[in-house]
Each structure stands twice: as structure tokens, then as C-alpha cells.
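Trainee: Before we start on the details, could we have the model on screen? I would like to go through its pockets and then its helix packing.

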Amino acid sequence: MTATAWCYTLAALAFIKAALLLAIPDRTAALMKAMPTSLATGCILTAIAWIWAAFTLNAYPIDFLSFIQGPPTFIIAIVCIPLSCLLMPDLLACRALAALYMLYPMPLILATRDAETAWRLLPITLGYISLTLGMVIMFYPWHLRRLIFRLTARRPLMIASGLLSLLAGAALCAAALALAAEAAR
């Protein structure tokens, strides 16, 4: 995936979040409050995270895990999905979301690092912030639940979060345009 595609994808996610927070805040708040303890959401996100981790391990091998390249990686991921759902049901959705926060920055940073435009720093910085946030949430998933409950308790905070997401989406679109213009040269 190119740097431009990554920026547009992240911008689309930011715009969707902004639309949900600004257009239907009550329904969004209810969904956000239910997310941390939802086993179904946790299992779906866990499946996505394990399969993505298997693809990442095959695409970017790690030396000490080189003995499980190829099909064994996917077999291990498929085995780990139900094990994660059965053995770690408490705040599974938070942990799976944290895993996704830690997985997406690597291909994003690799796609963006060779660009010359200063706009490349936006997705790279966002990737490093996401990676750090993912590590914190993985070890302390109850902090995400607390943050969600604090955010959804006050409508002005939800509106501010929606507006911030709107701004982030616009900035990512600008970065995508700059990266596309550079790639066209």
C-alpha cells in the first residue's frame, strides 16, 4: 500500500469517527461504552489482529522467529484466535484494538519514510503515537475503558473529539495530496 493510500485510509477512518461523534452522539456513546466488554467485538478484532500479525511476520521476518515463516505462521494465528477469545475475555476488545494500533504503523512508516515532502512527518508521527498508545493499552486495557467512559459522559468532549477527528482527517488528506504530487514527479 502506498503512502498516499495509507493517508487516505486513515483520513477516511477519521472522517467516519467524526461523523459518528457529531451526527449521532447518543448512539455512538452507547456503542463506545459497550465496546470494551463486548466479547463479539473483541473476537472479531482479535481475529483481524492475529491474521494481520501473521501477514506482517511473513512480509517482514524477525530473526528469532524465522523458523515459523510461511504457512505455520497462519496456522499459529488461527489457533491463537479462539485461545485468545477463550482465555482472555476480559477487555479483549481493548487488547485487540491495542494490537491493531501496534500493527498498522510499520507498513505506514515503511511506505512513507522515503518521501521528501514535509507532509510525510504527519503519518509517521501519527504512526509512532499509535504504536506507543497501543503498547500502553495492551498492558493497561482498563485505561481505555476509563477514557471511553469519561469521553462519553460529557457531550462537549464528544463534540471536541469529533472536531479533532475532522481536523485530523483534513490534515491527512492534505498529506495524501502532497505525497501523491511528489510520487507523480
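Trainee: What volume does the second largest pocket have?
Mentor: This is a predicted model, where local features need pLDDT of at least 70 and side-chain atom pairs pLDDT 80 or more, while totals for chains, interfaces and linings use all residues. Residues are numbered from 1 along each chain as its sequence is written, and side-chain values use heavy atoms, without hydrogens or water. A pocket is an open set of points on a 1 Å grid where a 1.4 Å probe fits, with protein on both sides within 12 Å along at least five of seven lines. Counted as the space filled by probe spheres set on the points, joined across faces, edges and corners, the second largest pocket comes to about 700 Å³.

Trainee: Which residues of its lining are closest to the centre of the second largest pocket?
Mentor: A lining residue has an atom within 4 Å of a point. The second largest pocket has 28 of them, and the closest to its centre are Ala 49, Trp 50, Ala 53, Ala 99 and Leu 103.

Trainee: Which element gives the largest share of that lining?
Mentor: Two or more residues each come from H3, helix H4 (71–87), H5, helix H6 (105–112) and H7; helices are DSSP runs of H or I, at least four residues, numbered from the N terminus. By class, the lining has 23 nonpolar (Ala, Val, Leu, Ile, Met, Phe, Trp, Tyr, Cys, Pro), four polar and one charged (Asp, Glu, Lys, Arg) residues, the others, Gly among them, being polar. The largest share, seven residues, comes from H3.

Trainee: Which element gives the largest share of the lining of the largest pocket?
Mentor: The largest pocket has a volume of about 1800 Å³. Of its 38 lining residues, Leu 13, Lys 17, Leu 97, Tyr 101 and Ser 165 are the closest to the centre. The elements that give two or more residues are helix H1 (3–23), helix H2 (25–34), helix H3 (39–59), helix H5 (92–103), helix H7 (121–139), helix H8 (141–153) and helix H9 (155–184). Nine residues, the largest share, come from H1.

Trainee: How many charged residues are in the lining of the largest pocket?
Mentor: The lining has 29 nonpolar residues and seven polar ones. The charged residues there number two.

Trainee: How many nonpolar residues are in the contact of H5 with H7?
Mentor: Contact means heavy atoms within 4.5 Å. H5 contributes Cys 94, Arg 95, Ala 98, Ala 99, Tyr 101 and Met 102, and H7 contributes residues including Ser 130, Leu 131 and Gly 134. Two of the residues are polar and one is charged, and the nonpolar ones number 10.

Trainee: How many charged residues are in the contact of H3 with H5?
Mentor: The axes of H3 and H5 are 8 Å apart, at an angle of about 25°, which makes H3 roughly parallel to H5. Among the contact residues are Ala 49 and Ala 53 of H3, and Ala 99 and Leu 103 of H5. The contact has 13 nonpolar and four polar residues, and its charged count is none.

Trainee: How many nonpolar residues does the contact of H1 with H9 have?
Mentor: The axes of H1 and H9 come within 8 Å and cross at roughly 160°, so the two helices are roughly antiparallel to each other. Besides five polar residues and one charged, the nonpolar count is 22.

How values were computed
Axes are lines fitted to C-alpha atoms, for helices over the stretch in contact, and angles run from 0 to 180 degrees between N-to-C directions. Angles under 35 degrees count as roughly parallel, over 145 as roughly antiparallel, 65 to 115 as roughly perpendicular and the rest as oblique.
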